[in-house]
Amino acid sequence: MITFRRMTHDDADAVADLELKCFAMPWSRADFFREVKNELAEYVIGELDKKIVAYAGAWVSFEQAEVMHVAVEPELRGQGIGTLLFGELIKAVKERGAKSITLEVRPSNIAAIKLYENFGLKSVGRRKNYYRDNDEDALIMWNTKL
Ligand SMILES: CC(C)(COP(=O)(O)OP(=O)(O)OC[C@H]1O[C@@H](n2cnc3c(N)ncnc32)[C@H](O)[C@@H]1OP(=O)(O)O)[C@@H](O)C(=O)NCCC(=O)NCCS
């Protein structure tokens, strides 16, 4: 059974390894290490048999959460882990006082968009050529009623 907890410094290596498998422009171990110290940041980790298989993080400021990461181990996708993970992240940011949540996502990322729509986020606009690796636009999504 998957369990969730907050990220600590000890997780930085494993999270950075998973990040490499999940993103075209990955954050480094040092970036995640910094996030643990970042007072605005909330990160949750999903573990199966003591192995990190998912993580998600957001910055919370002035009642607004901005999602930085949502990722699930590639071989374990499509089984509901992303849904549990994002639910845990929303719980964590609400505990910090967030009343709205926003993020950017690639229009080609159908699975992620579906996941976010299931949590009430709606596409409200685009940032042109936002992603530096392929110049893809970003969809901006919001849920203002957490
Ligand atoms: C996005 C991501 C976290 C989803 O994780 P997951 O464990 O596959 O999510 P779930 O299994 O809970 O599925 C969530 C929803 O997406 C749908 N979905 C999942 N994979 C899909 C796919 N390949 N195509 C279409 N829909 C898909 C599911 O059906 C589900 O919707 P439903 O409950 O209405 O049926 C995962 O794909 C991932 O890590 N992607 C790489 C990193 C990334 O792009 N993160 C988002 C950056 S903005």
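**Notebook: ligand shell, sheet and helices**

I sorted the shell around the ligand by class and got 10 nonpolar, 7 polar and 2 charged residues. I keep in mind that this is a predicted model.

Next I looked up which residues make up that shell. There are 19 residues surrounding the ligand, and the closest are Arg77, Gly82, Thr83, Ala111 and Lys114. I then asked which elements supply at least two residues each: they are strand S4 (64-72), helix H3 (81-95) and helix H4 (110-118). H4 gives the most, with 6 residues.

I turned to the sheet. I found an open sheet of 7 strands with mixed pairing, and I wrote down the order as S1-S2-S3-S4-S5-S7-S6. Strand S1 (3-6) and strand S6 (122-127) stand at the edges; each has a single partner strand, so one side of each is left without a neighbour in the sheet.

Strand S5 (residues 100-105) and strand S7 (residues 138-143) run antiparallel and are joined by 5 bridges. Opposite Thr102 I found Trp142 in S7.

I then looked at what packs on the sheet. Helix H1 (residues 12-22) does, touching strand S3 (51-61) and S4, and the direction of H1 makes about 90 degrees with that of S3.

I went back to H3 for its length. H3 has 15 residues and reaches 21 Å from its first C-alpha to its last, close to the 21 Å expected at 1.5 Å a residue. Which residues of H3 are buried? I listed Gly82, Leu85, Phe86, Glu88, Leu89, Ile90, Ala92 and Val93. Gly82 is also one of the closest residues to the ligand. The buried residues of H3 pack against S1, strand S2 (41-48), S3, S4, S5 and H4. Just after H3, I noted that Gly97 takes a positive phi of about 100 degrees.

My last entry is on Ile52, which lies in strand S3.

Methods: Residues are numbered from 1 along each chain as its sequence is written. This is a predicted model: local features need pLDDT of at least 70, side-chain atom pairs count only at pLDDT 80 or more; totals for chains, interfaces and linings use all residues. A residue is near a molecule or strand if its C-beta atom, placed from the backbone, lies within 6 Å of it. Helices (H or I, at least four residues) and strands (E, at least two) are DSSP runs, numbered from the N terminus. Ala, Val, Leu, Ile, Met, Phe, Trp, Tyr, Cys and Pro count as nonpolar, Asp, Glu, Lys and Arg as charged, and the others, Gly among them, as polar. Two strands pair if DSSP finds at least two bridges between them. Two residues are in contact if their C-beta atoms, placed from the backbone, lie within 7 Å. Axes are lines fitted to C-alpha atoms, for helices over the stretch in contact, and angles run from 0 to 180 degrees between N-to-C directions. The expected span of a helix is 1.5 Å times one less than its number of residues. A residue is buried if 20 or more other C-beta atoms lie within 10 Å of its own, exposed if 12 or fewer, and partly exposed in between; C-beta atoms are placed from the backbone.
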